[in-house]
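Biologist: I would like to learn how to read a sheet and a domain boundary in a model such as this one. Could you take me through it step by step?

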Amino acid sequence: MKHLVILGAGTAGTMMANHLVSKLPKAEWKITIVDQYKIHYYQPGFLFLPFDIYTEDQVKKEGKKFIPKGVNYIQKKIERISPEANTVTLDADETLNYDILIVATGSKIAPEEIEGMAGPEWHKSIFDFYTYEGAKALRDKLRDWKGGKLVVHITEMPIKCPVAPLEFSFLADSYFKHKGMRDKVDITYVTPLDGAFTTPKAAQALHHLLEEKGIKEVTNFNIEHVDYDNHKIIDYAETEVDYDLLVTVPTNMGDEVIARSGMGDDLNYVPTHKATLQSKDYENVFVIGDATNVPTSKAGSVAHFEAEILTENILRYVAGKPLDAEFDGHANCFIETGGGKALLIDFNYDQEPVEGSFPFPGIGPLRLLKENRMNHMGKLAFRWVYWNMLLKGIPIPFVSSAMSEKGKKIEAIV
Amino acid sequence: MKKVIANKEIDVNEEGYLEDVSQWTKEVGTELAKEQGIDMTDKHWEVIDYLQDKYKNDEALSIRGIKKSGVINIKEFYDLFPGGPLKKSTLIAGIPKPKSCI
């Protein structure tokens with residue numbers, strides 16, 4: 001009996017278990033998935049938790065519910081991967097041998113990377129909203145915050161869901177308007193990039209929205225440390241930004257198990273072939289989702305598109321065929337802009353987000369890079385899609401893993 | 001677009017970055033630096049060498065990478081290339097402006 005082991009039962013790992021259980025011959029393959037945590041969080045929901053739009057119960061469920069029958073589920077900490085020996089060591093020295101390994105250990109925030117960030121003011125005047133605990137603490141803070149300088153800040157790229165801090169700023173604008181205290185809150189968006197987003201067309205559209213909502217922008221800000229005594233963030237060029245409430249996206253890093261196993265880069269991401277999702281160093285190790293170093297967004301939609309490609313490639317690998325299914329870097333993200341509206345962006349390794357209609361060319365009903373209500377409804381509906389379709393590996397109708405250029409205003413490259 | 005610098009015709013994009021790394025010479029680098037208000041010293045060139053090496057090996061450039069480079073610390077990096085150190089130094093090195101990974 002051969003053994004396929006999946007490390008991590010988050011979005012990507014759970015999807016792979018669901019895809020593979022029906023495709024790998026049961027008589028020949030055993031599938032095991034390992035994750036130390038009991039709870040599966042709907043991470044996109046962490047954006048809504050601080051503003052009392054979602055409740056705690058809407059963003060968490062027991063992880064086991066989403067692991068299909070026929071997959072062996074182990075709830076234990078992973079101590080080390082030994083790719084040379086094809087083994088994984090779990091807590092209490094339990095060892096798993098594998099024929100194929102899928103690394104889906106994700107990424108998480110590392111506030112300790114910046115001096116003064118994870119100090120005594122953490123979750124008091126300095127918050128993250130990338131963890132359940134952080135989002136909840138921030139919600140409690142915002143409920144009776146009297147106003148002042150709100151700074152929304154990105155520490156360094158890459159981060160999970162690069163649009164989330166922008167969405168946070170837009171939703172904060174709406175939230176304080178709704179509470180009748182927008183005039184008491186000064187919102188500043190601080191980024192290490194030279195604009196609101198990583199690509200020019202989207203950066204322009206998002207810059208206008210920030211302006212329209214009276215949100216200030218500080219760009220090219222590479223944070224050096226947080227001076228929590230004086231409520232300031234200071235960058236390497238000695239630029240200072242004052243805050244009363246700092247909402248930061250700390251450095252994002254891959255899991256420590258990747259570092260312990262000596263398999264990662266500077267940020268603990270596993271070097272991965274961007275088209276096939278095979279690891280660069282070991283042919284029977286595949287990587288998916290936030291754990292890879294591939295140059296696209298770290299996002300659930302990306303993991304979803306990757307899962308379709310990776311399933312195909314694993315079946316090819318098992319059959320001894322070349323891995324010719326190719327991932328194009330496709331990402332598809334709703335961007336909440338506040339006031340019940342949202343934008344939608346659709347892009348890949350080569351094509352930046354542009355205007356257009358989605359998923360039906362010329363029809364929509366969703367609009368790319370333009371605010372509307374329909375996009376917002378799409379974003380809210382996505383929570384249901386996530387729990388009921390995405391995790392189970394059910395394809396989303398009309399949205400394929402390869403990005404379509406139809407219905408988009410793409411300028412010819414000269 | 002075309003640009004003549006250090007008696008050499010080079011192709012640059014609208015932000016002034018070289019389109020073709022092979023057109024780069026040390027003289028071109030020196031002149032591009034002058035346009036940025038920078039007089040090149042040995043330490044500057046050490047950084048440029050490091051960046052060009054990284055680029056040739058297809059490795060992404062980032063502030064974090066500089067921190068771990070062993071060539072220079074970030075404070076010095078800012079002192080040598082004031083304002084946007086990574087942006088200015090890559091322009092002088094004749095390599096593309098680093099795209100932050102999204």
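Modeller: Two strands pair if DSSP finds at least two bridges between them. Strands of a sheet pair through backbone hydrogen bonds, either parallel or antiparallel. In this predicted model, five strands of chain A form an open sheet in the order β5-β2-β1-β9-β20, and their pairing is parallel.

Biologist: Which strands stand at the edges of the sheet?

Modeller: Those are β5 (71-74) and β20 (285-287) of chain A, each of which has a single partner strand, so one side of each is left without a neighbour in the sheet. From one strand to the next, the twist averages 20°.

Biologist: How many residues of domain 2 of chain A are in contact with domain 3 of chain A?

Modeller: In chain A, where domain 2 spans 109-252 and domain 3 spans 331-390, 13 residues of domain 2 are in contact with 11 residues of domain 3. On the domain 2 side, α3 (164-178) and α4 (200-212) of chain A each supply at least two residues, and the largest share, six residues, comes from α3(A). By class, that side has eight nonpolar, two polar and three charged residues.

Notes:
Residues are numbered from 1 along each chain as its sequence is written. Chains are lettered from A and ligands numbered from 1 in the order in which they are written. This is a predicted model: local features need pLDDT of at least 70, side-chain atom pairs count only at pLDDT 80 or more; totals for chains, interfaces and linings use all residues. Helices (H or I, at least four residues) and strands (E, at least two) are DSSP runs, numbered from the N terminus. Axes are lines fitted to C-alpha atoms, for helices over the stretch in contact, and angles run from 0 to 180 degrees between N-to-C directions. Domain bounds come from an automatic or database domain assignment. Two residues are in contact if their C-beta atoms, placed from the backbone, lie within 7 Å. Ala, Val, Leu, Ile, Met, Phe, Trp, Tyr, Cys and Pro count as nonpolar, Asp, Glu, Lys and Arg as charged, and the others, Gly among them, as polar.
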